[in-house]
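Please find below a note on the structure you passed on. It is set out as numbered points.

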Amino acid sequence: PVVSYDPRRLLAAGVLTLEGRGTAEDVRVKGFAIAERLMQAYIQGNLQGRLGPAEITGNFGLQIVTTNQRSSGLIFAGGQPREQIRGANYTDLLPSLNLSARFPNDFVIRFAAAREIQRPRLDDLRVAIGYGVNNQSGLIEGSGGNPLLQPYRANAFDLNFEKYFGGKGFVAVQLFYKQLENYIFNGRFNNFNYATFPPPLNVLPTTPLIGILNAPVNTRGGELYGVELSTTVPFEIITPALTGFGVTGGGGYSISRVRNDLGEIQAIPGYSKFTASGTLFWEQYGFSVRGSVRYRSGYLSE
């Protein structure tokens, strides 16, 4: 037996009253806004030539990205709402290189190197925080977002070996390495300056303006590396009686290490050390039938 209520009938009967926007602090802080202004410029050059029996193609380039990010919303100083706007400006230089070597026997080697960025989550950039004086420590303490966050930054390298056969089949091995210059964790600012924020209620003149803020922080980064194997094998290369049948899939092995806000090394959340997937298919006469299986080993959840 589970008690349930129909909120529409309760509203119609006057038991509940619809008041519009919520006034509770934890509701109002969700009304933040994020604005990003980006200016991007790039230059690219293409490569083409021969090196022995191999045909070499590729490109190299440089991208410049200037970011101006701002977050607006409410902060709560001792329970009193105040409008706040904060943000940051930064510029990233992103060089990249892509090369492919194609050999006459349908063997291909690919190499790529690039400087990469990934922007923080929007809710991590929110300006909305709540803070007040901790009577035990005598310090101002708060929690919320961090509109000053810098993006994830990494130097990435990939090396692929690919062999094509039968016009439809291939087998490939990919080696990858990412050197992560910084990462983002939910952390703690032990020397956060509240001087530019409205003072909380009942703050004493002797209360330090340098306090504590629990919010997302940029950490020192880490590394991610591993190997992946992928293949597609049409069974018609074995016998024409199996035309339309085939298998595709692959597996991967990866190691990830990043430093959290305490400087401790841990795995990147969401990454498994082992992954594998496979699909058995039949495609003929405009029809397609597939059966798939997927596996991943344990991983650290967020």
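1. The model is predicted. Its chain has two helices and 14 strands. The radius of gyration is 28 Å against the 19 Å that the globule rule gives for 302 residues, so the chain is more spread out than a compact globule. The C-alpha trace spans about 80 × 55 × 35 Å along its principal axes.

2. Of the 302 residues, 29% are buried. The accessible surface is about 18800 Å², with 57% of that belonging to carbon and sulfur atoms. Among contacts with a separation of 6 or more, 65% are between residues 24 or more positions apart.

3. There are 28 positive and 23 negative side chains, and the centres of the two sets are 1 Å apart. The structure contains nine salt bridges.

4. One of these salt bridges joins Glu116 and Lys178, with 2.6 Å between the closest N and O atoms. Glu116 is in strand β4 (residues 107–118) and Lys178 in strand β8 (residues 169–193), so the pair ties together parts 62 residues apart in sequence. Glu116 is partly exposed at 29% relative accessibility, and Lys178 is partly exposed at 25%.

5. Another salt bridge pairs Glu236 with Lys168, the closest N and O atoms lying 3.7 Å apart. Glu236 sits in the loop between β10 and β11, and Lys168 in the loop between β7 and β8, 68 residues apart. Glu236 is partly exposed at 26%, whereas Lys168 is exposed at 55%.

6. Arg8 and Asp6 also form a salt bridge, at 3.2 Å from N to O. Arg8 is exposed, with a relative accessible area of 65%; Asp6 is partly exposed at 28%.

Key
Residues numbered from 1 in each chain as written. Predicted model: local features only at pLDDT ≥ 70, side-chain atom pairs only at ≥ 80, totals over all residues. Heavy atoms only, no water. Helix = DSSP H or I, 4+ residues; strand = E, 2+ residues; numbered from the N terminus. Rg over C-alpha atoms; globule rule 2.2 N^0.38 Å. Buried < 20%, exposed > 50% of the residue type's maximum accessible area, 1.4 Å probe, protein only. Contact = heavy atoms within 4.5 Å. Areas by Shrake-Rupley, 256 points an atom, 1.4 Å probe, with all protein chains shown as cover. Lys, Arg positive; Asp, Glu negative; His and termini not counted. Charge placed at Lys NZ, Arg CZ, Asp CG, Glu CD. Salt bridge = Lys/Arg side-chain N within 4 Å of Asp/Glu carboxyl O.
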